[in-house]
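I kept these notes while going through a structure that was new to me.

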Amino acid sequence: MILHPRTIRTRLTLWHAAVLTVIVFTFSAGIFFFVRVRLLEDLDAQLRRDLATIETTYREAPTELSEADSRAGIKLFEVTQGDQILYRTEAWGERGLSRAVRADATAATSWSSPEGASYRALASPYATLRISVAADETALHRTLWTLGIILALGIPCAMALAIAGGWFLAGRVLAPVGVMAERAKKITADSLGERLPVDNPADEFGRLATVFNETLARLQDSFERLRRFTADASHELRTPLTAMRSVGEVALHDSLEPAAYRDVIGSMLEEVERLTALVESLLTLTRVDSTRIQLAREVVDLGTLAANATEHVRVLAEEKEQTLSVQTNGAISVECDAALLRRGIVNLVDNAIKYTPRNGAIQVSVGVLASGEAAIEVKDNGPGIAPIHHERIFERFYRVDSARSRSAGGLGLGLAIARSTVEVNGGRIEVESDEGRGSVFRVVLPLHR
Ligand code: ADP
């Protein structure tokens with residue numbers, strides 16, 4: 001069965017408890033074996049000392065062996081020579097400790113008597129004279145047993161503490177997530193201005209909340225722009241419709257001369273033309289915006305494209321007796337959707353003609369920038385644009401001077417379309433201008449090599 005706890009808090013707690021249990025268990029086992037080895041070593045050292053004492057006593061005064069028993073407190077030993085027992089303590093004989101000494105043993109060994117007592121025994125290695133000593137291991141076993149019980153009881157306690165502590169810590173660490181989820185749940189399309197709380201922007205949750213907040217800000221911005229765009233578009237569509245309606249109503253109300261009716265129809269057609277241009281512009285924008293747009297990418301000569309776009313609106317410049325020149329600088333290839341890009345450039349040249357007074361001069365030039373990018377510049381000596389408007393003129397329906405733009409037939413969408421068409425082609429659009437000093441609009445595109 002695979003346990004799959006639902007909450008991260010539970011999972012963290014279980015992992016924490018499991019890891020801690022393994023650590024405590026390994027540590028306890030280590031302690032137990034280390035203590036056991038140490039105690040046995042101490043006992044063995046004691047046995048070696050006893051053995052040396054008995055040996056010395058035997059060599060110096062064999063008859064005083066019994067004193068080793070009473071004076072030195074060595075209770076369990078025997079001295080044998082071959083099969084003959086030279087000395088044996090009483091306790092040794094009573095407990096049958098001869099069985100504890102292995103004939104071949106060189107180090108101390110443990111032995112359990114059939115009565116249940118256990119001993120540690122050590123014998124001297126001399127072949128003929130053999131001294132054997134033993135010590136009761138019961139105290140050592142008792143100590144180890146007590147230690148074992150302490151550890152065995154300690155492990156469950158440590159586990160319980162690990163679970164409780166882990167649960168508490170995980171709860172504290174994850175608390176901001178709960179707060180964020182609660183706040184995020186309340187954010188709807190109408191409250192995109194709300195943000196998630198960020199306690200510490202440097203930690204993981206802080207970074208998550210910051211990224212989420214940035215996404216919200218972008219969404220809010222998109223929503224806001226969409227809302228403004230819809231409102232502006234409706235307003236722009238309503239103006240010609242209202243004009244047509246009032247012209248029509250007046251014509252219906254009064255009986256007019258045939259020539260006057262022609263005028264009415266003429267002005268209605270003008271409004272229809274304006275509506276058509278507006279709808280077309282909106283469609284272009286939507287098409288460019290849509291990610292589904294399939295760019296017809298081809299390699300074109302930028303000079304030819306600029307000349308072609310300029311020729312398209314030359315008649316408008318001629319009407320205003322403006323000079324409109326195109327200057328190209330050799331073959332400059334770019335890869336783009338030519339029809340879309342041409343539309344953007346037409347808009348820039350059209351604006352230059354529209355806003356530059358009669359007899360003005362407009363120059364379109366194509367070249368390569370120092371940065372190695374291709375550029376088309378549309379330069380006029382018109383009224384220019386104050387720097388505070390530079391960013392906003394590319395927004396949809398933004399006009400510096402509404403009255404002048406409308407009277408010139410502007411829809412407020414020309415530069416928005418120009419920027420979109422340039423950007424989908426991987427380029428950017430820049431403006432250099434100031435009031436009374438003319439304007440330069442520059443389209444920069446990656447060069448095709
Ligand atoms: P419009 O339809 O009003 O021309 P655009 O988006 O093409 O809309 O331009 C936005 C505004 O930028 C215009 O209203 C105008 O005030 C300003 N503008 C654009 N091109 C020029 C230019 N060449 N010279 C001066 N002002 C310009």
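**Entry 1, the model.** I noted that this is a predicted model, in which local features need pLDDT of at least 70 and side-chain atom pairs count only at pLDDT 80 or more, while totals for chains, interfaces and linings use all residues. Residues are numbered from 1 along each chain as its sequence is written, and side-chain values use heavy atoms, with hydrogens and water left out.

I took helices (H or I, at least four residues) and strands (E, at least two) as DSSP runs, numbered from the N terminus. For axes I used lines fitted to C-alpha atoms, for helices over the stretch in contact, with angles from 0 to 180 degrees between N-to-C directions.

I looked up helix α7 (residues 302-319) and helix α8 (residues 338-355), and found that their axes come within 9 Å and cross at roughly 45°. The two helices, α7 and α8, are therefore oblique to each other (angles under 35 degrees count as roughly parallel, over 145 as roughly antiparallel, 65 to 115 as roughly perpendicular and the rest as oblique).

I then turned to helix α6 (residues 258-289) and helix α10 (residues 414-424), which pack at an angle of about 25° with their axes 10 Å apart. That makes α6 roughly parallel to α10, and the crossing of α6 and α10 is left-handed.

Side chains of opposite charge can pair when their charged atoms come close. I counted as a salt bridge a side-chain nitrogen of Lys or Arg within 4 Å of a carboxyl oxygen of Asp or Glu, and the structure holds 17 salt bridges.

In helix α5 (residues 204-253), Arg 225 and Asp 221 lie four residues apart, about one turn of the helix, and they form a salt bridge whose closest N and O atoms are 3.5 Å apart. Arg 225 is partly exposed at 47% relative accessibility, and Asp 221 is partly exposed at 40% (buried means under 20% relative accessible area, exposed over 50%, partly exposed in between, with a 1.4 Å probe and protein chains only).

Arg 227 and Glu 224 form a salt bridge with their closest N and O atoms 3.8 Å apart; because they are three residues apart in helix α5, about one helical turn separates them.

I also looked at Glu 373 and Arg 428, which form a salt bridge with the closest N and O atoms 3.0 Å apart. This pair links distant parts of the chain, since Glu 373 is in the loop between β9 (361-368) and β10 (374-380) and Arg 428 is in strand β11 (residues 428-433), 55 residues apart. Salt bridges that share partners join Glu 373, Glu 377, Arg 428, Glu 430, Glu 432 and Arg 442 into one network.

Is Pro 125 buried or exposed? I found Pro 125 in the loop between β4 (118-123) and β5 (129-136), and it is exposed, with a relative accessible area of 66%. From C-alpha to C-alpha, Pro 125 and Ala 306 are 111 Å apart in space and 181 residues apart in sequence.

Key
Left-handed = near helix turned anticlockwise from the far one by under 90°.
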